[in-house]
Amino acid sequence: MITLWGRGSSANVQKVMWALAELNLQFRHVIVGGPYGGTTSEEFKSLNPVGKIPVFQDDNITLWESHAILRYLSRKHGGHLSIKEIDQPFVDQWLDFTATCFFPPFVGLFWQLVRTRPSDRSQELIALHTNNLGAALDIIDEQLKKSRWLATNTFTIADIAAGVTMERCLEIIDLHQNRPNLTRWHGKLASREAYKTVVATSYEELRAK
Ligand SMILES: N[C@@H](CCC(=O)N[C@@H](CS)C(=O)NCC(=O)O)C(=O)O
């Protein structure tokens, strides 16, 4: 029995929900984090000492860090998310790129433009994150000239990790300007059933009031 801890408005939780939906795996969903609280309790800290979501449990194992969970699902439950040995390094590369180069400027800009009231925003931080996020998006656009999907010619968990982040960029940056390959990739992701139900959803509960 799989249990997933974390609110569905979290981008990192959405990565796991998307993979579970792709694999048609049923799971128990425990809604914690953000406005729902529950991540500072002793019970939750015993699952994830960092106190962050998602947390994932399958039989006897408990895992945190969204990309570790994606890798686990692809190895354990496979299906069309199994990765050929020859492709694995490229999938790892784009998962790490997403975690280190794409997600940080995205989250910085998202916090400024969505999660911070206009009067408290920093124009300096907005400029810095916009610049770094644009550079990461350009790198993705360039890569998508060479392969059909982000890491390889087939859909992988790297598309899930980066795709969730890309959807969240729509409101905060001119995502599609001069990025035709990224636009094509976005269209393909957006037509997937799991993307429609898990990713292209409202995050209004996160907006600063
Ligand atoms: N590197 C971690 C980041 C986890 C993380 O920062 N999660 C956020 C939500 S996206 C969180 O727990 N925020 C506190 C909260 O929602 O209460 C991962 O990929 O799982």
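## The largest pocket

Let's start with the open space: the largest pocket holds about 680 Å³. Its lining is made up of 28 residues, and those closest to the pocket centre are Ser10, Asn12, Lys52, Ile53 and Phe103. Keep in mind as you look around that this is a predicted model.

What is the lining of the largest pocket made of, by class? Twelve of its residues are nonpolar, ten are polar and six are charged. Helix H1 (11-22), helix H3 (66-76) and helix H4 (88-113) each contribute at least two lining residues. Of the elements, H4 gives the most, with six residues.

The protein chain splits into domain 1 (2-81) and domain 2 (88-198). Why does the largest pocket lie between them? Both domains give residues to its lining, so the pocket sits between domain 1 and domain 2.

## Where the domains meet

The C-alpha centres of the two domains are 21 Å apart. At their interface, 19 residues of domain 1 are in contact with 21 residues of domain 2. Together the domains bury about 1800 Å², with 67% of that area on carbon and sulfur atoms.

Elsewhere on your tour, look at the side chains of glutamate 22 and arginine 192, which form a salt bridge at 2.8 Å, N to O.

Conventions: Residues numbered from 1 in each chain as written. Predicted model: local features only at pLDDT ≥ 70, side-chain atom pairs only at ≥ 80, totals over all residues. Heavy atoms only, no water. 1 Å grid on protein atoms, 1.4 Å probe; cavity = no way out; pocket = protein on both sides within 12 Å on 5 of 7 lines; lining within 4 Å. Points joined across faces, edges and corners; volume = space filled by probe spheres on them. Helix = DSSP H or I, 4+ residues; strand = E, 2+ residues; numbered from the N terminus. Nonpolar A, V, L, I, M, F, W, Y, C, P; charged D, E, K, R; others polar. Domains from an automatic or database assignment. Contact = heavy atoms within 4.5 Å. Buried area = accessible area lost by both parts, 1.4 Å probe. Salt bridge = Lys/Arg side-chain N within 4 Å of Asp/Glu carboxyl O.
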